[in-house]
Amino acid sequence: MRKRVAAIGTFDGVHRGHKSVLKALTDYAKAHDMEPVAITFNRHPLALIDPSRIPAELTPLWKKKKLLQEAGAMPMILNFDEPLRATTARQWMKQLREQFQVEALVIGYDNTFGCDGIHLSIEDYKNIGKEEGVDVLTADEIKGVSSSAIRKSVKAGEMETAHEMLGRPFSITAPVVRGNSLGHTIGFPTANIEIPDGAALPKSGVYAGIVKTLTDGVKHPAMINIGTRPTVMRGDHIVIEAHIINWNGDLYGKDITVRFLKRLRDEQKFDSIDALKRQLALDRTASLEIVSELSGR
């Protein structure tokens with residue numbers, strides 16, 4: 001089997017900080033004729049350690065694998081169970097070398113692994129690696145970029161900041177489900193999407209964005225609402241609905257990707273349907289302008 005160089009992490013978001021690690025990984029692999037491997041887990045470690053602290057998910061596992069592959073690394077998905085939880089950093093390196101032919105390991109400036117990792121420095125990892133026959137190297141730090149910082153920006157509706165850290169717009173991919181069809185009756189038909197369990201969600205409000213239909217791969221400008229639709233609904237049930245501008249078609253049951261580009265305004269309750277329609281017309285115009293502007297960059 002070909003020798004490997006690996007990186008280990010949750011890789012949630014596969015953001016610019018992760019990309020720095022992945023670039024160091026692939027550069028080393030090319031220079032040393034090795035296979036670059038990104039080791040991640042079937043679930044967040046906190047799902048086992050402390051479920052109450054599981055962070056909102058930026059990228060589901062299927063998308064994480066896709067992004068890792070696009071960055072040039074082979075994803076290796078490990079089952080995060082009790083035995084893995086109890087594995088020390090030294091045991092990690094020993095097993096990686098003996099079972100997976102890993103001879104080099106790339107870590108980020110704040111990357112830790114192993115049940116004792118919280119107490120280890122980068123120099124500790126390097127020393128352990130030297131003793132176990134694994135070359136440990138570090139990737140350049142991208143200051144201010146982290147999964148937690150991106151979650152904070154998404155939660156605040158700061159989509160441009162999230163975009164900058166991710167290196168792409170924040171998005172959610174999910175199937176279209178049936179709504180109350182009110183949008184069709186007022187001239188603004190919407191695709192209501194099923195909110196994935198545990199997903200990070202932008203702050204309630206109206207956004208300019210892009211919808212990509214996975215059936216044809218075409219990207220369409222859209223205005224997106226996330227919230228409780230106070231003008232037409234009662235209660236606090238959160239929904240995500242996207243009005244795909246200048247497009248008609250049946251998307252029920254099909255997956256679409258909704259990309260959030262910029263927050264336009266808070267969600268609000270209008271005195272009448274006509275008032276709502278007037279505001280939606282303004283939102284549609286603003287969305288088209290923003291999508292055109294950002295697409296031209």
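Modeller: Strand β2 (residues 35-41) runs parallel to β3, and five bridges join the two; within this pairing, Ala38 has Pro75 of β3 as its bridge partner. Strands and helices here are DSSP runs numbered from the N terminus (E, at least two residues, for strands; H or I, at least four, for helices), and two strands pair if DSSP finds at least two bridges between them. This is a predicted model, in which local features need pLDDT of at least 70 and side-chain atom pairs count only at pLDDT 80 or more, whereas totals for chains, interfaces and linings use all residues. Residues are numbered from 1 along each chain as its sequence is written, and side-chain values use heavy atoms, with hydrogens and water left out.

The β2-β3 pair belongs to an open sheet of five strands with parallel pairing, in the order β3-β2-β1-β4-β5. Because β3 (74-78) and β5 (135-138) stand at the edges with a single partner strand each, one side of each is left without a neighbour in the sheet. From one strand to the next, the twist averages 30°, with axes fitted to C-alpha atoms, for helices over the stretch in contact, and angles running from 0 to 180 degrees between N-to-C directions.

Helix α3 (residues 61-70) packs on the sheet, touching β2 and β3 (contact meaning heavy atoms within 4.5 Å), and its direction makes about 145° with that of β3. Helix α5 (residues 89-100) also packs on the sheet, where it touches β1 (4-8), β2, β3, β4 (102-107) and β5, its direction making about 135° with that of β4.
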